[in-house]
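The sequence and coordinates come before the text.

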Amino acid sequence: MGYDIERFVGYVNEGLLCSICRDVLEDPLQAPCEHAFCTACIHGWLIHHSNCPEDRQMLDVSLLRPLYRYMKNDLNRLQLHCKNREYGCEMVCSLESIDRHERECEYSQILCSNAGCTVQIERRNLDGHLAVCEYRSRECPNGCGYTILSTEDTQHNCVAELRTELELLRSEMICRVEEAKHEMESRLDSQRRHMVQKESILQNEIEELKSQMSRMMSDVRSLMAAERQHRQELEQAELEKRELMELLKGLQKDCRLNTTEGNKKSTNFRPLTRLESVKRKPREVTVI
């Protein structure tokens, strides 16, 4: 439905009227034949018809388009009275801004904000109504802190309300304690399983380290035995070296003492005999 033409100040062009409700266009749409309608009006018409209500040309919702810009501008410039004029509002403003004004108009009829109250009152008188509304809520004057409605004044019992509140708090606390207990037990079980698993892993690692240590000790003992054997062979080789050195010194001494030709043969024979005896002496050298 459109805006009541009686609300408008001055002349309203015929082209700005809805072809169905004959009021001023509200949320207008335009048909290909250039007839304009309120959105609600034309949608309702096309539910039961398939043509334009003015010239009966074929029409479908998909063919509707927004109003021409110049027509939209003319429509927005129209001046009209606030819908709360009958309650005392004398505001006149453009169609473009009327919705914003009516949302904030002091003469608008609004519902009381107290739960259960069905009274409709002007926005400007709302504060006065809330002060005396029988459904208003307030804090108990006796100091219990409970919020009561005016209709409950005679039924309110501070002790009973506090007892009820205490029971609710106790029940809530018990539930929270149980939840915390279950959560802690769950965490402890999880940690316990984790510790058992970790202990098993550490035990396996310890056994592996023991095995590695045993192999290392065996290798060390083998190396120490090989070292002792090598040392003995070196000592034996050193002893043979000293014997050879003594033998060479004896040969050199014999060569200096026996300078005569006749003794050369005997001298030559003697060291050869000693050398042959050295050669016949077994030598064992182990190579590592």
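## Basis and overall make-up

This is a predicted model, in which local features need pLDDT of at least 70 and side-chain atom pairs count only at pLDDT 80 or more, while totals for chains, interfaces and linings use all residues. Residues are numbered from 1 along each chain as its sequence is written, and side-chain values use heavy atoms, with hydrogens and water left out.

The protein has 6 helices and 9 strands. Of the 288 residues, 25% count as buried; buried means under 20% relative accessible area, exposed over 50%, and partly exposed in between, with a 1.4 Å probe and protein chains only. Among contacts between residues at least 6 apart in sequence, 29% join residues at least 24 apart, where contact means heavy atoms within 4.5 Å.

## Sheet S2-S1-S3

Three strands form an open sheet in the order S2-S1-S3, with antiparallel pairing; two strands pair if DSSP finds at least two bridges between them. S2 and strand S3 (65–66) are the edge strands, each with a single partner, so one side of each has no neighbour in the sheet. S1 and S2 run antiparallel and are joined by 3 bridges. Gln30 stands opposite Ala36 in S2.

The loop between S1 and S2 holds Glu34. Glu34 is not a glycine, yet its phi is positive, at about 75 degrees.

## Helix H1

Helix H1 spans residues 39–48, and its buried residues are Cys41, Ile42, Trp45 and Leu46. Viewed down the axis of H1, these residues fall within an arc of 120 degrees, so they line one face of the helix. The arc is that of the directions from the helix axis to the C-beta atoms. An α-helix has 3.6 residues a turn, so residues three or four places apart point the same way.

The face of H1 turned away from the buried side carries the exposed residues Ala40, Ile47 and His48. The cover over the buried residues of H1 includes strand S1 (28–30) and strand S2 (36–38).

In H2 the buried residues are Met71, Leu75 and Asn76. They fall within an arc of 135 degrees as seen down the axis of H2, so they line one face of that helix. Arg69 and Tyr70 are exposed on the other side of H2. The buried residues of H2 pack against S1, strand S5 (92–94) and H3.

In H3 the buried residues are Leu95, Ser97, Ile98, His101 and Glu102. Seen down the axis of H3, they fall within an arc of 145 degrees, so they too line one face. Glu96, Arg103 and Glu104 are exposed on the face of H3 turned away from the buried side. The buried residues of H3 pack against H2, strand S4 (79–81) and S5.

## Largest pocket

The largest pocket holds about 180 Å³ of space. Helix H2 (69–76) and helix H3 (95–104) are the elements that give two or more residues to its lining. On a 1 Å grid over the protein atoms alone, a pocket is an open set of points where a 1.4 Å probe fits, with protein on both sides within 12 Å along at least five of seven lines, and lining residues have an atom within 4 Å of a point. Grid points are joined across faces, edges and corners, and the volume is the space filled by probe spheres set on the points.

The lining consists of Tyr3, Leu25, Glu26, Asp27, Pro28, Lys72, Leu75, Asn76, Leu95, Glu96 and Asp99. By type, the lining residues divide into 5 nonpolar, 1 polar and 5 charged. Here Ala, Val, Leu, Ile, Met, Phe, Trp, Tyr, Cys and Pro count as nonpolar, Asp, Glu, Lys and Arg as charged, and the others, Gly among them, as polar.

Asp27 lies in the segment before S1. Its relative accessibility is 55%, so Asp27 counts as exposed. Phi of Asp27 is near 50 degrees, a positive value in a residue other than glycine. Most residues other than glycine have a negative phi.

Asn114 is placed in the loop between strand S6 (109–111) and strand S7 (120–122). With a relative accessible area of 16%, Asn114 is buried. Apart from neighbours within four places in sequence, Asn114 is in contact with Leu130, Cys133, Tyr135 and Arg136.

Definitions and conventions: Helix = DSSP H or I, 4+ residues; strand = E, 2+ residues; numbered from the N terminus.
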